[in-house]
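Here are a few exercises to work through with the structure open beside you. Try each task before reading its solution.

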Amino acid sequence: MAYKRFFAYVIDMFIVFLFIIIINKVFTNPLEKDLSKLNQLSIENVINKDEYFNEYKHLLHEVDKKDLVKNISTTILLIVFFVLVPYCFNSQTIGQKIFKLKICSDEEVTLENLIFRSVILNGIGYMLFMFIILFITNDNLYFILINLLAFLQLIVVIISGFMVLYSYKHLSIADIFTNTRIEELK
């Protein structure tokens with residue numbers, strides 16, 4: 001069952017990434033070309049690492065500010081896919097439906113359970129934190145905090161994946177904190 005759960009998550013993330021690609025095509029940002037040019041200058045050794053790093057931090061912060069609508073759209077997509085879809089459709093995402101899995105709890109699976117699971121596992125916490133710090137930090141602090149949080153998010157997902165695959169009860173970090181589990185439907 002652990003492998004079914006893993007592949008259900010892969011399918012869900014694939015579907016989400018397809019929608020994110022569409023969102024990125026709809027909401028283009030001209031500053032992203034500046035990031036590409038900056039990367040090219042660095043590759044060609046036209047600028048040194050310090051110049052690259054300082055300009056990169058500034059451009060990243062500006063890109064994220066200009067991409068606010070895109071990032072809000074992505075956050076709404078994550079909430080719809082990982083919170084509202086399971087809430088409205090038998091506690092199942094599309095991947096879980098394909099593999100005949102379901103989010104379960106000793107009590108009823110609540111909207112609060114689904115939100116908290118998504119904040120932990122699906123990047124919603126990362127996006128919300130980004131919105132909070134986006135306009136109140138300088139380039140340096142923003143760069144440090146956003147990369148630290150991205151790293152922590154990645155670690156949580158990797159550890160959760162290993163926990164699901166190899167632990168006795170096959171529970172992820174989100175399962176433990178929300179008192180939920182994924183069960184196979186008969």
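Lys 186 lies in the segment after strand E2 (180-184). Keep in mind throughout that this is a predicted model.

**Exercise 1. A lysine after a strand**

Task: Decide whether Lys 186 is buried or exposed, and find how far its C-alpha atom is from that of Lys 100.

Solution. 
- Step 1: Start with the cut-off, which is that a residue counts as exposed when its relative accessible area is over 50%.
- Step 2: Lys 186 has a relative accessibility of 100%, so this residue counts as exposed.
- Step 3: Along the chain, Lys 186 and Lys 100 are 86 residues apart, and 7.8 Å separates their C-alpha atoms.

**Exercise 2. Two helices, H1 and H8**

Task: Work out how H1 and H8 are oriented to each other, and which residues make their contact.

Solution. 
- Step 1: Locate helix H1 at residues 2-26 and helix H8 at residues 139-166; they pack at an angle of about 150°, and their axes are 8 Å apart.
- Step 2: Angles over 145 degrees count as roughly antiparallel. H1 and H8 are therefore roughly antiparallel to each other.
- Step 3: Now look at the handedness: the crossing of H1 and H8 is right-handed.
- Step 4: H1 contributes Ala 2, Tyr 3, Arg 5, Phe 6 and Tyr 9 to the contact, while H8 brings Val 157, Val 164, Leu 165 and Tyr 166.
- Step 5: Sorted by class, the residues of this contact of H1 with H8 are 8 nonpolar, 1 charged and no polar.

**Exercise 3. Aromatic rings**

Task: How many aromatic pairs does the structure hold, and what is the geometry of the pair formed by Tyr 56 and Phe 143?

Solution. 
- Step 1: The structure holds 6 aromatic pairs.
- Step 2: In one of them, Tyr 56 and Phe 143 sit 6.1 Å centre to centre with 90° between their planes, an edge-to-face arrangement.
- Step 3: This pair links distant parts of the chain, since Tyr 56 is in helix H3 (residues 49-66) and Phe 143 is in helix H8, 87 residues apart.
- Step 4: Tyr 56 is partly exposed at 23% relative accessible area, whereas Phe 143, at 15%, counts as buried.
- Step 5: Phe 162 and Tyr 166 form a stacked pair, 6.0 Å centre to centre and with 25° between the planes. They are 4 residues apart in helix H8, so about one helical turn separates them.
- Step 6: Finally, ring pairs join Tyr 52, Phe 53, Tyr 56 and Phe 143 into a cluster.

Conventions:
Residues are numbered from 1 along each chain as its sequence is written. This is a predicted model: local features need pLDDT of at least 70, side-chain atom pairs count only at pLDDT 80 or more; totals for chains, interfaces and linings use all residues. Side-chain values use heavy atoms; hydrogens and water are left out. Axes are lines fitted to C-alpha atoms, for helices over the stretch in contact, and angles run from 0 to 180 degrees between N-to-C directions. Angles under 35 degrees count as roughly parallel, over 145 as roughly antiparallel, 65 to 115 as roughly perpendicular and the rest as oblique. A crossing is left-handed if the near helix is turned anticlockwise from the far one by less than a right angle, and right-handed if clockwise. Contact means heavy atoms within 4.5 Å. Ala, Val, Leu, Ile, Met, Phe, Trp, Tyr, Cys and Pro count as nonpolar, Asp, Glu, Lys and Arg as charged, and the others, Gly among them, as polar. Buried means under 20% relative accessible area, exposed over 50%, partly exposed in between (1.4 Å probe, protein chains only). Rings of Phe, Tyr and Trp (its six-membered ring) pair if their centres lie within 6.5 Å; planes under 30 degrees apart count as stacked, over 60 as edge-to-face and the rest as tilted.
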